[in-house]
Amino acid sequence: MSDGEPPTGPPGPTEDVFARQGPRLFRIAYGMLGSATQAEDLVRDVRLRWQASDRTAVADPQAYLTKAATRLSIHAAHSARMRRASYIGPWLPEPLDTGNEGGTGAVGTKPVEFDVLLMLEQLDVAERAAFVLRETLASHYSEIAAVLGVEEAQARLLVHRARQHLATDRVADRQGREDTAGQTRGGDGAEDYEAA
């Protein structure tokens with residue numbers, strides 16, 4: 001078997017391939033879903049699909065696994081948005097415990113930051129997927145295009161739009177903090193406390 005051929009045979013090599021890709025798959029899922037628990041569940045689903053697949057037909061295991069994780073993440077993100085539409089109150093991403101050296105897929109990863117996850121929630125899921133693949137995994141545009149099933153030019157446009165949205169959100173957030181920082185709190189001064 002040459003280096004370029006997919007793994008076949010006993011479960012050992014199959015699991016080795018998956019173990020090497022696990023942190024990458026976790027980053028995709030966490031970047032898309034904002035929840036370490038959901039990301040770990042999704043990575044387990046990808047593992048089950050990988051184990052059940054005909055690996056002799058898989059030319060590029062990394063591409064196969066990346067595509068599976070991204071597509072499942074897009075579907076899960078759509079479902080999560082539908083559930084949140086009826087939820088009262090703001091949705092917040094689940095912070096990732098980066099100090100945890102346990103058995104999670106997070107070990108050795110550089111996940112999307114909490115505040116970026118909040119802003120990513122405002123993006124269309126295709127933009128979000130393209131951004132996560134490009135910014136957290138440094139995927140080439142051709143790979144992003146293949147994963148999302150679009151032309152390379154469209155993949156570039158999705159990443160560009162995501163960056164524009166995030167830049168606009170960051171500027172608005174910074175201006176909002178500066179505006180509130182300079183305001184005095186009217187109506188709750190010391191005289192209110194003295195009268196009580």
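Is Ser53 buried or exposed? The views below take up this and other spots in a predicted model.

**View 1. Ser53 sits in the loop between α2 and α3.** Here is the reply to the opening question: Ser53 counts as buried, because its relative accessibility is 15% and the cut-off for buried is under 20%. Look next at the side chain of Ser53, which reaches the backbone oxygen of Trp50 at 2.7 Å.

**View 2. Thr66 is a buried residue of helix α3.** The relative accessibility of Thr66 is 0%. Its side chain makes a polar contact with the side chain of Arg24, at 3.1 Å. Leaving aside residues up to four places away in sequence, Thr66 touches Arg24, Leu25, Ile28, Leu133, Glu143 and Val147.

**View 3. The largest nonpolar core holds 43 residues.** Four of them, Met32, Val46, Ile144 and Leu148, touch the most other members. Two or more residues each come from α1 (11-33), α2 (36-52), α3 (61-85), α4 (114-120), α5, α6 and α7 (152-181). Helix α1 gives the largest share of this core, with nine residues.

**View 4. Val46 is shown with the residues it touches.** If you set aside residues up to four places away in sequence, the partners of Val46 are Phe18, Leu25, Leu65, Ala68, Ala69 and Leu72. Val46 is also one of the core residues that touch the most other members.

**View 5. Ala138 has a positive phi, near 55°.** Most residues other than glycine have a negative phi. You will find Ala138 in the loop between α5 (125-137) and α6. Ala138 counts as exposed because its relative accessible area is 56% and the cut-off for exposed is over 50%.

View 6. The chain averages a pLDDT of 74, and 59% of the residues score at least 70.

Technical notes: Residues are numbered from 1 along each chain as its sequence is written. This is a predicted model: local features need pLDDT of at least 70, side-chain atom pairs count only at pLDDT 80 or more; totals for chains, interfaces and linings use all residues. Side-chain values use heavy atoms; hydrogens and water are left out. pLDDT is the predictor's confidence in each residue, from 0 to 100. Helices (H or I, at least four residues) and strands (E, at least two) are DSSP runs, numbered from the N terminus. Buried means under 20% relative accessible area, exposed over 50%, partly exposed in between (1.4 Å probe, protein chains only). A nonpolar core is a set of buried Ala, Val, Leu, Ile, Met, Phe, Trp, Tyr and Cys residues joined through side-chain atoms within 4.5 Å. Contact means heavy atoms within 4.5 Å. A polar contact is a pair of N or O atoms within 3.5 Å; within protein, one must be able to donate a hydrogen and the other to accept it, and residues adjacent in sequence count only if both atoms are side-chain atoms.
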